[in-house]
Amino acid sequence: MQGCLSMEMQTTHEDRRGLTIDAAEATRRADTVTRAEFLLRIDSCVRHLAALLAGVDSAPADGESSTAERGRVQLWQWLHGGNAFLDEGAPIDFALFDAAIQRVGERLPRRGLPGQENVLQAACLLAELTHARSLAEPALVSALVRKP
């Protein structure tokens with residue numbers, strides 16, 4: 001998966017604590033989300049996959065694992081359905097997703113994330129899962145991130 005992102009990932013932190021992900025709310029809004037919500041969904045998935053790649057499973061009590069999985073499914077549905085838009089009117093398409101995934105390192109903290117060393121690999125994995133023709137089941141995702 002090395003080299004799947006054309007830009008070197010730089011890591012700086014953007015404070016985004018005030019944002020939350022709610023896939024049901026996005027659906028009620030006729031698949032219209034803010035750019036910040038779209039980016040947060042990507043970042044949540046990358047953080048989760050990076051932790052899994054490091055052998056750290058998200059704590060079930062905080063719901064991070066299920067939130068990240070719902071986010072991954074929502075991203076796939078938006079991109080393959082072709083009828084989702086940012087609230088500013090831009091379509092949620094692969095060009096938007098690819099640009100966002102290339103810059104994920106700029107939005108995540110520089111250190112302190114479980115699996116920090118796996119962020120690039122996690123971003124590549126999310127891109128591959130999202131571009132796939134069919135939606136990967138959670139069991140397949142788990143199998144992909146298990147280390148031998």
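Is glutamate 117 buried or exposed? Glutamate 117 has a relative accessible area of 63%, over the 50% cut-off, so this residue is exposed. The model is predicted, and the chain averages a pLDDT of 78. Its 148 residues include 43% that count as buried. The chain is built from 7 helices and 2 strands.

**Confidence**

- A pLDDT of at least 70 is reached by 72% of the residues.
- Helix H1, residues 23-28, has the lowest mean pLDDT among the elements of the chain, at 45.
- Helix H4 has the highest mean pLDDT among the elements, at 97.
- Over residues 5-29 the pLDDT stays under 50, and the model has 53 contacts beyond four places in sequence for this stretch.

**Overall layout**

- The order of elements along the sequence is α-β-α-α-β-α-α-α-α.
- Of the contacts between residues at least 6 apart in sequence, 76% join residues at least 24 apart.
- The accessible surface of the chain comes to about 8,100 Å², and carbon and sulfur atoms account for 52% of that area.

**Nonpolar core**

- The largest nonpolar core holds 33 residues.
- Phe38, Ile42, Val46, Leu75, Ile92, Phe97 and Leu126 touch the most other members of this core.
- Two or more core residues come from each of H2, H3, H4 (94-102), H6 (119-131) and H7 (138-145).
- H2 gives the most to the core, with 9 residues.
- In soluble globular proteins, nonpolar side chains tend to be buried together.
- Leaving out residues up to four places away in sequence, phenylalanine 97 touches Phe38, Ile42, Leu75, Leu79, Leu126, Ala127, Thr130 and His131.

**The aromatic pair**

- The whole structure contains 1 aromatic pair.
- Phenylalanine 38 and tryptophan 78 form this pair, with ring centres 6.3 Å apart.
- Their planes meet at 40 degrees, which lies between the 30 degree limit for stacked rings and the 60 degree limit for edge-to-face rings, so the pair is tilted.
- The pair links distant parts of the chain, since phenylalanine 38 lies in H2 (residues 35-53) and tryptophan 78 lies in H3 (residues 64-81), 40 residues apart.
- Phenylalanine 38 has a relative accessibility of 0% and therefore counts as buried.
- Tryptophan 78 also counts as buried, because its relative accessibility is 1%.

**Helix H2**

- H2 has 19 residues and reaches 27 Å from its first C-alpha to its last, close to the 27 Å expected at 1.5 Å a residue.
- The helix is mostly covered, with 16 of its 19 residues buried.
- Glutamate 37 is found in H2, and its relative accessibility of 14% is under the 20% cut-off, so this residue counts as buried.
- Glycine 55 follows H2 and has a positive phi, near 85 degrees.

- H6 has 13 residues and reaches 18 Å from first C-alpha to last, close to the 18 Å expected at 1.5 Å a residue.
- The buried residues of H6 include Val119, Ala122, Ala123, Cys124, Leu125, Leu126, Ala127, Leu129 and Thr130.
- Glutamate 117 has its place in the loop between helix H5 (104-107) and H6.
- The C-alpha atoms of glutamate 117 and leucine 53 are separated by 9.4 Å, although the two residues are 64 residues apart along the chain.
- Alanine 136 is found in the loop between H6 and H7.
- With a relative accessibility of 9%, alanine 136 counts as buried.
- Setting aside neighbours within four places in sequence, alanine 136 is in contact with Arg72, Leu129 and Val141.
- Alanine 136 and valine 73 are 8.5 Å apart, C-alpha to C-alpha, and 63 residues apart in sequence.

Conventions. Residues numbered from 1 in each chain as written. Predicted model: local features only at pLDDT ≥ 70, side-chain atom pairs only at ≥ 80, totals over all residues. Heavy atoms only, no water. Phe/Tyr/Trp six-rings, centres within 6.5 Å; stacked < 30°, edge-to-face > 60°. Helix = DSSP H or I, 4+ residues; strand = E, 2+ residues; numbered from the N terminus. Buried < 20%, exposed > 50% of the residue type's maximum accessible area, 1.4 Å probe, protein only. Core = buried A, V, L, I, M, F, W, Y, C linked by side-chain atoms within 4.5 Å. Contact = heavy atoms within 4.5 Å. Expected span 1.5 Å × (residues − 1). pLDDT = per-residue confidence, 0-100. Areas by Shrake-Rupley, 256 points an atom, 1.4 Å probe, with all protein chains shown as cover.
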